[in-house]
Each structure stands twice: as C-alpha cells, then as structure tokens.
Amino acid sequence: MATDYDAPRVKEEDQPTDSLEGLKAQQRGGAMTAVIDVEESDAIDGFDLPGADLSGEELLIKVVPPQADEFTCMSCFLVRHRSQIAREKKNGEAYCLDCEG
C-alpha cells in the first residue's frame with residue numbers, strides 16, 4: 001500500500017470511527033440543494049448582467065462588396081487580397097496561402 005508522506009499525521013484515537021451507515025446519513029442530511037424560485041415572466045426580463053444594458057444600442061454595419069483586387073477563399077471563406085492566392089481552379093474557386101500551406 002502506498003504511503004503519502006506529505007499528509008499530516010493523525011493519531012488513531014483522533015480518527016473518526018463512525019460506521020458506514022452513519023456517514024451516509026450525515027451526507028444525506030448535510031447536503032444542501034440550491035433552489036431558485038423563478039416565474040415564467042422573470043425568465044426573459046428578470047436576469048440582467050451588470051453593465052450589459054444594450055437596449056438603446058443599434059448595430060450599424062456597412063457591407064462592402066468584394067473589390068476587384070480581392071477574392072473569397074473557398075476553404076476558410078475569408079475575403080483576402082489577390083496577392084494571397086495559393087491556388088486557383090478553372091471554375092473560379094480560389095484558395096489562400098494559409099489554407100493551402
């Protein structure tokens with residue numbers, strides 16, 4: 001049997017001699033379960049994260065079409081500059097250096 005020499009040494013009279021049934025009863029009685037009483041109306045509006053009030057914010061995104069010197073990699077689907085083309089197929093599909101490397 002392996003001995004843990006780093007563990008604190010305990011005298012035999014200090015060790016608990018409870019029975020297995022007694023230990024199980026202590027565990028069942030001492031176990032606490034967290035219960036949150038939530039109503040259905042609270043499920044959506046009731047929980048707020050601190051500093052996360054984004055109700056008045058709008059996202060404005062300007063979508064720019066691909067430029068003449070750009071391509072979309074058919075592997076990672078990122079828009080890249082044409083200088084990063086590693087391979088281009090006859091049907092127009094292009095792959096970037098990162099995906100082909």
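Predicted model: local features only at pLDDT ≥ 70, side-chain atom pairs only at ≥ 80, totals over all residues.
Residues are numbered from 1 along each chain as its sequence is written, and side-chain values use heavy atoms, without hydrogens and water.

**Exercise 1.** Determine how strands E3 and E4 are joined.

*Solution.* Strands are DSSP runs of E with at least two residues, and helices are runs of H or I with at least four, numbered from the N terminus. Two strands pair if DSSP finds at least two bridges between them. E3 (residues 85-88) and E4 (residues 94-96) run antiparallel and share 3 bridges. Ile85 lies opposite Cys96 of E4. The two strands form a hairpin with 5 residues between them, and Gly92 in the turn has a positive phi of about 100°.

**Exercise 2.** State whether Cys96 is buried or exposed, and find how many disulfides the structure holds.

*Solution.* Buried means under 20% relative accessible area, exposed over 50%, and partly exposed in between (1.4 Å probe, protein chains only). Cys96 has 0% and is therefore buried. A disulfide requires two cysteine sulfur atoms within 2.5 Å. The structure contains 0 disulfides. Cys73 is in none, as its nearest cysteine sulfur, in Cys76, is 3.7 Å away. The sulfur of Cys96 is 3.5 Å from that of Cys99, its closest, which is too far for a bond.

**Exercise 3.** Locate Ile61 and classify its exposure.

*Solution.* Ile61 is in the loop between helix H2 (42-45) and strand E1 (70-72). Its relative accessible area is 70%, so Ile61 is exposed.
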